[in-house]
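Here are my notes for someone opening this structure for the first time. Have it on screen and read along point by point.

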Amino acid sequence: MLRRAEPAGYEDFVASRYREIVRFGALLSGDGRLGEDLAQEGLIAAYRSWHRLGVPDGRPEAYVRRVMVRTAMRARRRRWRGEVPTGELPDASRVGFADQSDLSVQVLASLRRLPADQRVVLVLRFWADASEAEVAQTLGIAVGTVKSRTSRALATLRASGLFVESSKETS
């Protein structure tokens, strides 16, 4: 069986952006391994559409991120996540980016406790640096909904102790 050649530029794109794409997925899902799954979904979609994305103004990373956001939002609506019980657990010797520091573990744990819609809004606003209007457009919701979800999510994170309010000392 002959294997088709990779589309021009796709392999370079994946090699240069994979780590950041997986990190984005981990933040969206609140889990490193689920983040890899989201990244794979996005990269598969990009591969299928590379004829449009591989051109100079194709913006493949934006496309991958949009697919990942939509997949993450759909995943919260499903009850069954596709897990299949097994008699033997696979080796978990790989170290993901979340295992590199205590702070990243705390952030992921706090993000994981948020509802998916709040988590996605926070990731898009503060990690992807999207404006409220861009987030609203990406998710197909009103700007006011983005603001309220952001407010509720930040309040929850503050209540969890992840953020400490800074105050100037008076002299």
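Where do Arg 65 and Glu 61 lie, and how many residues apart are they? Both sit in helix H4, four residues apart, which is about one turn of the helix. Keep that pair in mind, as it comes back in point 3. One caution before going on: this is a predicted model.

1. **The overall layout.** You'll find eight helices and zero strands here. Reading along the sequence, the pattern is simply α-α-α-α-α-α-α-α. The protein has 171 residues, and buried ones make up 36% of them. Looking at contacts with a separation of 6 or more, 62% come from residues 24 or more positions apart.

2. **The core.** Next, the inside. The largest nonpolar core has 37 residues, and Leu 28, Met 68, Val 69, Val 120 and Leu 139 are the ones with the most contacts inside it. Helices H1, H2, H3, H4, H5, H6, H7 and H8 each supply at least two residues of this core. Setting aside residues up to four places away in sequence, Leu 28 touches Leu 38, Met 68, Val 69, Ala 72, Arg 119, Val 120 and Val 123. Met 68, Val 69 and Val 120 in that list are also named among the core residues with the most contacts.

3. **The salt bridges.** A search of the whole structure turns up four salt bridges. Arg 65 and Glu 61, the pair from the opening question, meet through their side chains in one of them, at 3.3 Å from N to O. Glu 61 also forms a salt bridge with Arg 17, and there the closest N and O atoms are 2.6 Å apart. Glu 61 lies in helix H4 and Arg 17 in helix H1, so this pair ties together parts that are 44 residues apart in sequence. Arg 17 has another partner too: its side chain meets that of Glu 20 in a salt bridge of 3.9 Å, N to O. Arg 17 and Glu 20 are three residues apart in helix H1, so about one helical turn separates them.

4. **How covered are these charged residues?** Glu 61 is buried, with a relative accessible area of 16%.

5. **A second look at H1.** Now move to Leu 27, which has its place in helix H1. Leu 27 is buried, with a relative accessible area of 11%. Leave aside its neighbours within four places in sequence, and Leu 27 is in contact with Leu 108, Leu 111, Arg 119, Val 123 and Trp 127. Val 123 is 96 residues away along the chain, yet the C-alpha atoms of Leu 27 and Val 123 are separated by 6.4 Å.

6. **Where H7 crosses H8.** The axes of these two helices come within 8 Å and cross at roughly 105 degrees. H7 and H8 are therefore roughly perpendicular to each other. On the H7 side, the contact is made by Glu 132, Ala 133, Val 135 and Ala 136, while H8 brings Val 143, Val 146 and Lys 147. Sorted by class, that contact of H7 with H8 has five nonpolar, no polar and two charged residues.

7. **Two backbone spots to check.** Most residues other than glycine have a negative phi. What is the phi of Arg 59 near? It is near 50 degrees, a positive value in a residue other than glycine. Arg 59 is found in the loop between H3 and H4 and counts as exposed, at 61% relative accessibility. Asp 129 also has a positive phi, of about 60 degrees, although it is not a glycine. Asp 129 lies in the loop between H6 and H7, and at 65% relative accessibility Asp 129 counts as exposed.

Technical notes: Residues are numbered from 1 along each chain as its sequence is written. This is a predicted model: local features need pLDDT of at least 70, side-chain atom pairs count only at pLDDT 80 or more; totals for chains, interfaces and linings use all residues. Side-chain values use heavy atoms; hydrogens and water are left out. A nonpolar core is a set of buried Ala, Val, Leu, Ile, Met, Phe, Trp, Tyr and Cys residues joined through side-chain atoms within 4.5 Å. Buried means under 20% relative accessible area, exposed over 50%, partly exposed in between (1.4 Å probe, protein chains only). Contact means heavy atoms within 4.5 Å. Axes are lines fitted to C-alpha atoms, for helices over the stretch in contact, and angles run from 0 to 180 degrees between N-to-C directions. Angles under 35 degrees count as roughly parallel, over 145 as roughly antiparallel, 65 to 115 as roughly perpendicular and the rest as oblique. Ala, Val, Leu, Ile, Met, Phe, Trp, Tyr, Cys and Pro count as nonpolar, Asp, Glu, Lys and Arg as charged, and the others, Gly among them, as polar.
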